[in-house]
Amino acid sequence: MSKALSSIKPGQLVTVCCIQDSELKPKLMEMGLIAGKEVRVLFRAPFGDPIAIDVHGYVLSLRLDEAGLIQVNETIGSEVFA
Amino acid sequence: MKIALLGNPNTGKSSVFNMLTGLRQQVGNFPGVTVDKKFGIFNLSNEDHTLIDFPGTYSIYPRSKDEQVVYDVLKNEQHPDYPELAIVVADESNLERNLFLFTQVYDLQIPVILVLNMADLAKKNGKSINIPALEEAFPGAKIIETTARVGMGKERLLQAIQSISKEKHSERFYANARICDLDDSKGQETEATERYGLINEILKCVQTTSSTKTEQTSNKLDRILVHPIFGYLIFGAVLMIIFQFIFAFAAYPMDFIDGVFADFSAWLSQELPTGLFSDLISQGIVPGIGGVLVFIPQIALLFFFIALLEESGYLARVVFIMDRIMRPLGLNGKSVVPLLSSVACAIPGVMATRTISDWKERMITILVAPLMSCSARIPVYTLLIALVIPKATVLGFLNLQGLVLFGLYTLGLVAALLIAALLKLLIKTREKGFLLLELPSYKSPRWGNVGITVWEKVRVFVWDAGKVILAISIILWAMATFGPGDRMEKAALNAENHAKELKLSQNETDRFVASAKLENSYIGIMGKGLEPVIKPLGYDWKIGISLITSFAAREVFVGSLATIYAVQEDGGENKRLIDRMRSEKRADGKPVYSLASGASLMVFYVFAMQCMATLAVVKRETKSWKWPLIQMGFMGTMAYLGAFITYLILS
């Protein structure tokens with residue numbers, strides 16, 4: 001069952017499944033968010049929006065509606081950082 | 001040779017640029033677009049090369065108007081800026097994403113050098129690259145390692161530029177490579193998937209990661225800097241420091257520049273033979289140049305701090321914590337710094353919007369920045385407050401005069417935010433705003449880069465905006481110096497005779513004559529012509545004249561009134577001027593400066609774009625007269641309506 005990246009809690013490791021068709025899709029992919037990529041949600045801004053994720057060694061921030069375009073699968077057994 | 005410098009943002013591209021070109025940098029235009037073209041010259045074995053610094057991008061496909069120049073130039077071999085050689089700067093500690101742009105450029109078959117920058121950081125993060133193996137994957141390209149922030153690797157880079165073949169190579173990394181059309185999303189998506197696939201295969205062979213201590217420090221700092229409470233507290237403190245420096249400490253060098261130019265101009269009028277040309281120099285040109293240079297301390301200080309924030313990586317965190325708050329207003333997290341520095345002066349504020357990459361958000365920030373009450377309004381506010389607001393306390397402890405001053409600042413701030421929200425609805429753009437912002441790891445700032453940024457900002461202001469400011473100040477000088485026919489001479493003679501009858505002293509006579517001359521100059525006539533228009537606001541023609549002259553700068557309002565009322569300026573307190581203004585009566589015997597007209601003037605100065613320097617700098621930053629004129633139009637309308645309503649309510 002895939003979920004939107006915007007609903008993932010900080011600390012969790014997820015795998016990108018697919019991105020909704022939109023103007024932003026090629027841009028997100030160019031930033032390295034392609035299917036099969038492992039990303040970790042790092043932290044959220046004070047009002048819960050935007051969020052910051054770790055994409056293989058660099059930190060990317062996205063607004064919630066941008067993160068909502070990205071469907072991810074939870075990586076099984078991923079430990080949650082406090 | 002024409003060389004293009006490309007690379008992702010935050011890779012130290014500007015360090016490489018500065019390392020190669022030093023201070024031999026210039027700013028020009030790409031044909032047909034509003035992006036600055038930053039280029040520099042460097043000499044290599046007696047040959048001058050031009051290095052063009054393109055905007056930092058993640059791909060050749062643009063995500064904003066500013067980035068499109070990369071696509072436009074690289075797609076079109078006939079483009080005047082099409083490079084003969086490309087240098088792509090990449091962050092070695094984050095090679096996967098950086099190679100994306102590099103392989104795109106490589107596939108254009110332009111001779112290309114890949115600069116793996118921040119080699120030190122990569123090592124610290126436990127990443128190492130087998131460079132010969134990587135070079136094997138890209139036949140025809142040269143790959144070198146640098147740490148440009150400390151100037152390491154310059155020789156290697158120069159050697160690579162010298163030795164690389166200047167012929168186009170015929171290799172392709174991605175066999176299906178072609179430049180997609182901009183609206184071909186599917187093509188770009190396929191390209192992204194397949195390119196990343198190939199890049200990862202290569203990286204598996206050439207990159208080794210030894211430890212996993214990556215990003216630890218940045219992560220710890222972020223715990224505090226984006227914290228819901230500490231994050232804002234720290235940002236507030238940072239702003240306070242910047243603000244304090246611009247607002248308070250810039251005053252000393254500014255007063256110094258002011259004084260030097262005033263003395264110089266006084267000395268010139270004494271030493272030069274009397275005549276029109278001498279007047280032009282001593283009263284038009286020299287004060288005009290002074291009026292440009294006086295802004296340098298504020299500009300230099302603000303950009304010193306902004307460069308620090310940007311270099312250290314903190315500015316991206318500011319955007320991160322402010323984004324949600326600023327978004328409904330059509331502003332960007334990065335708008336905060338320009339808007340707040342506009343409280344000192346809108347000129348560095350407008351120039352600071354350069355860090356905002358979204359065109360619409362940048363435009364809105366520029367358009368509302370001059371609504372923030374700047375320091376040039378303070379002399380106007382304090383004069384008017386002392387004139388019409390009684391010294392009283394409210395609620396037992398609040399000083400009424402101080403309260404009014406606070407109210408004027410608040411009015412400007414609220415207007416700026418409301419207009420921003422309105423402009424968000426009005427300005428149409430095809431681009432949809434998005435964030436997708438990289439939070440770079442924290443680094444200690446590179447002082448050389450900071451210095452070069454400050455130098456470049458000051459130079460651009462002096463040369464580009466300075467021309468317009470100087471031209472307008474000469475026009476204003478001419479309008480105050482000349483009148484139709486011999487009207488001014490007659491008026492001066494009359495005043496002199498009148499003064500003799502009154503047995504005035506020489507100084508008093510001079511002031512009397514100056515007042516009569518100003519009244520009969522073109523500006524004076526315009527002020528009188530303006531009277532019917534400004535009468536509903538409670539103003540007479542004398543105020544009209546001062547409104548026109550203070551277009552040079554708001555604080556000129558005070559000096560102008562002093563000339564018109566023929567009182568001696570006494571610097572800070574303006575006691576004489578205030579007494580004289582208090583006694584000024586209208587035809588019906590009521591005072592000219594009542595609570596209603598005084599408050600109406602204050603509101604007028606909160607809103608009106610009474611500053612030629614801001615106008616010039618907005619023209620420079622938006623590269624057209626359209627935006628500064630729109631801005632002057634809506635601010636003028638707000639000023640007129642606001643002043644009218646204030647006068648109506650209070651009288």
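This is a predicted model: local features need pLDDT of at least 70, side-chain atom pairs count only at pLDDT 80 or more; totals for chains, interfaces and linings use all residues.
Reader: Is B:Arg324 buried, exposed or partly exposed?

Author: The class of partly exposed covers the range between the buried limit of 20% and the exposed limit of 50%. B:Arg324 has a relative accessibility of 33%, so this residue counts as partly exposed.

Reader: How many salt bridges does the rule find across the interface of chain B and chain A?

Author: One of the pairs between the chains joins A:Lys25 to B:Glu189, whose closest N and O atoms are 3.6 Å apart. A search of the whole structure, over all chains, finds 36 salt bridges. Across the interface of chain B and chain A, the number found is 7.

Reader: What area do chain B and chain A bury between them, and which residues of chain B lose the most area to chain A?

Author: The interface brings 40 residues of chain B into contact with 33 residues of chain A. The two chains bury about 3,300 Å² between them, with 59% of that on carbon and sulfur atoms. On the side of chain B, three residues that lose the most area together account for 20% of what that side buries, and they are B:Glu189, B:Phe320 and B:Leu436.

Reader: Which helix of chain B gives the most residues to the side that touches chain A?

Author: Between the two chains there are 14 residue pairs in polar contact. Several elements of chain B each supply at least two residues to the side that touches chain A, among them helix 3 (95-106), helix 8 (216-225) and strand 12 (437-439). The greatest contribution, 7 residues, comes from helix 7.

Reader: Which residue of strand 12 of chain B is the bridge partner of A:Val59?

Author: Strand 5 (residues 58-62) of chain A and strand 12 of chain B run antiparallel and are joined by 3 bridges. In strand 12 of chain B, the bridge partner of A:Val59 is B:Leu439.

Reader: What is the N to O distance in the salt bridge of B:Asp323 and B:Arg327?

Author: Both B:Asp323 and B:Arg327 are buried. Their side chains meet in a salt bridge, with an N to O distance of 2.8 Å.

Reader: How are B:Lys528 and B:Glu519 classed, buried, exposed or partly exposed?

Author: B:Lys528 and B:Glu519 form a salt bridge in which the closest N and O atoms are 3.0 Å apart. The relative accessibility of B:Lys528 is 29%, so B:Lys528 counts as partly exposed. For B:Glu519 the value is 25%, and B:Glu519 therefore also counts as partly exposed.

Conventions:
Residues are numbered from 1 along each chain as its sequence is written. Chains are lettered from A and ligands numbered from 1 in the order in which they are written. Side-chain values use heavy atoms; hydrogens and water are left out. Contact means heavy atoms within 4.5 Å. Buried area is the accessible area (1.4 Å probe) that two parts lose on being put together, summed over both. A salt bridge is a side-chain nitrogen of Lys or Arg within 4 Å of a carboxyl oxygen of Asp or Glu. A polar contact is a pair of N or O atoms within 3.5 Å; within protein, one must be able to donate a hydrogen and the other to accept it, and residues adjacent in sequence count only if both atoms are side-chain atoms. Helices (H or I, at least four residues) and strands (E, at least two) are DSSP runs, numbered from the N terminus. Two strands pair if DSSP finds at least two bridges between them. Buried means under 20% relative accessible area, exposed over 50%, partly exposed in between (1.4 Å probe, protein chains only).
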